[in-house]
Amino acid sequence: RERGKRSKLVRFSEYSSLSIIDPNTSEDKGNSWYTKTEIDIFKQNARQTSKALWKTRTATAMKHIAKSAANNTPQANITIHSKDTIRGLEHLIAPEVSKLLMTKRRKTIARVLKVQQN
């Protein structure tokens, strides 16, 4: 064992349980997934919401944060008082966020591939 590495332990419970459930009906299976129409509506709503938020203070703050993160510069404390709902729409509202996400994704993929080759 190398110095500084912790050993990993796995424990299994002495107790176990088995839950028996009725099989899904075809109605249950049909209700488990969104229809293509529902997904199209979600996407349309996301596009409309992001366009409505493009010129807001929230979008400006997001652009600033993305640029700071991309350049590894300190970020200012930003307080957003409005009730803009942006979760998951950041990349649509500010192109800088999208660019940052893609850059991080490429770097992560490169690191994973490098580790796998070793």
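Visitor: Which helix does Ala 61 lie in?
Guide: Ala 61 lies in helix α3. Please note that this is a predicted model.

Visitor: Is Ala 61 buried or exposed?
Guide: Ala 61 has a relative accessible area of 8%. The limit for a buried residue is under 20%, so Ala 61 counts as buried.

Visitor: How far apart are Ala 61 and Ala 94, in sequence and in space?
Guide: They are separated by 33 residues in sequence and by 9.4 Å in space, taken from C-alpha to C-alpha.

Visitor: And Lys 63, where is that found?
Guide: Lys 63 is also a residue of helix α3. Its relative accessibility is 28%, so Lys 63 is classed as partly exposed.

Visitor: Which residues is Lys 63 in contact with, leaving aside its neighbours within four places in sequence?
Guide: Lys 63 contacts Trp 54, Ile 93, Ala 94, Pro 95 and Glu 96. Ser 98 can be located relative to Lys 63 as well: the two are 35 residues apart in sequence, with 9.9 Å between their C-alpha atoms.

Visitor: Let us move to the helices. At what angle do α3 and α5 pack?
Guide: Helix α3, residues 57-71, and helix α5, residues 95-117, pack at about 30°, and their axes are 8 Å apart. Angles under 35 degrees count as roughly parallel, and therefore α3 and α5 are described as roughly parallel to each other.

Visitor: What is the handedness of the crossing?
Guide: The crossing in which α3 passes α5 is left-handed.

Visitor: Which residues make that contact?
Guide: On the α3 side they are Met 62, Lys 63, Ala 66, Lys 67, Ala 69 and Ala 70. On the α5 side they are Pro 95, Glu 96, Val 97 and Leu 100.

Visitor: How many of them are nonpolar, polar or charged?
Guide: The contact of α3 with α5 has 7 nonpolar and 3 charged residues, and no polar ones.

Visitor: Switching to Leu 92: which helix is that in?
Guide: Leu 92 belongs to helix α4, which covers residues 90-93. With a relative accessibility of 33%, Leu 92 counts as partly exposed.

Visitor: What does Leu 92 touch, not counting residues up to four places away in sequence?
Guide: Leu 92 touches Ala 46, Ser 50 and Trp 54. Between Leu 92 and Trp 54 there are 8.5 Å from C-alpha to C-alpha, and the pair is 38 residues apart in sequence.

Visitor: How many aromatic pairs are there?
Guide: The count comes to 1 aromatic pair. It is formed by Tyr 34 and Phe 42, with 4.9 Å from centre to centre and 90° between the planes. Planes over 60 degrees apart count as edge-to-face, so this pair is classed as edge-to-face.

Visitor: Finally, the chain as a whole. How many helices and strands does it have?
Guide: The protein chain has 5 helices and 0 strands. Read from the N terminus, the elements follow the order α-α-α-α-α.

Visitor: What share of the residues counts as buried?
Guide: Of the 118 residues in the protein chain, 13% are counted as buried.

Visitor: And what share of contacts joins residues at least 24 apart?
Guide: Among contacts between residues at least 6 apart in sequence, 64% join residues at least 24 apart.

How values were computed: Residues are numbered from 1 along each chain as its sequence is written. This is a predicted model: local features need pLDDT of at least 70, side-chain atom pairs count only at pLDDT 80 or more; totals for chains, interfaces and linings use all residues. Side-chain values use heavy atoms; hydrogens and water are left out. Axes are lines fitted to C-alpha atoms, for helices over the stretch in contact, and angles run from 0 to 180 degrees between N-to-C directions. Helices (H or I, at least four residues) and strands (E, at least two) are DSSP runs, numbered from the N terminus. Angles under 35 degrees count as roughly parallel, over 145 as roughly antiparallel, 65 to 115 as roughly perpendicular and the rest as oblique. A crossing is left-handed if the near helix is turned anticlockwise from the far one by less than a right angle, and right-handed if clockwise. Contact means heavy atoms within 4.5 Å. Ala, Val, Leu, Ile, Met, Phe, Trp, Tyr, Cys and Pro count as nonpolar, Asp, Glu, Lys and Arg as charged, and the others, Gly among them, as polar. Rings of Phe, Tyr and Trp (its six-membered ring) pair if their centres lie within 6.5 Å; planes under 30 degrees apart count as stacked, over 60 as edge-to-face and the rest as tilted. Buried means under 20% relative accessible area, exposed over 50%, partly exposed in between (1.4 Å probe, protein chains only).
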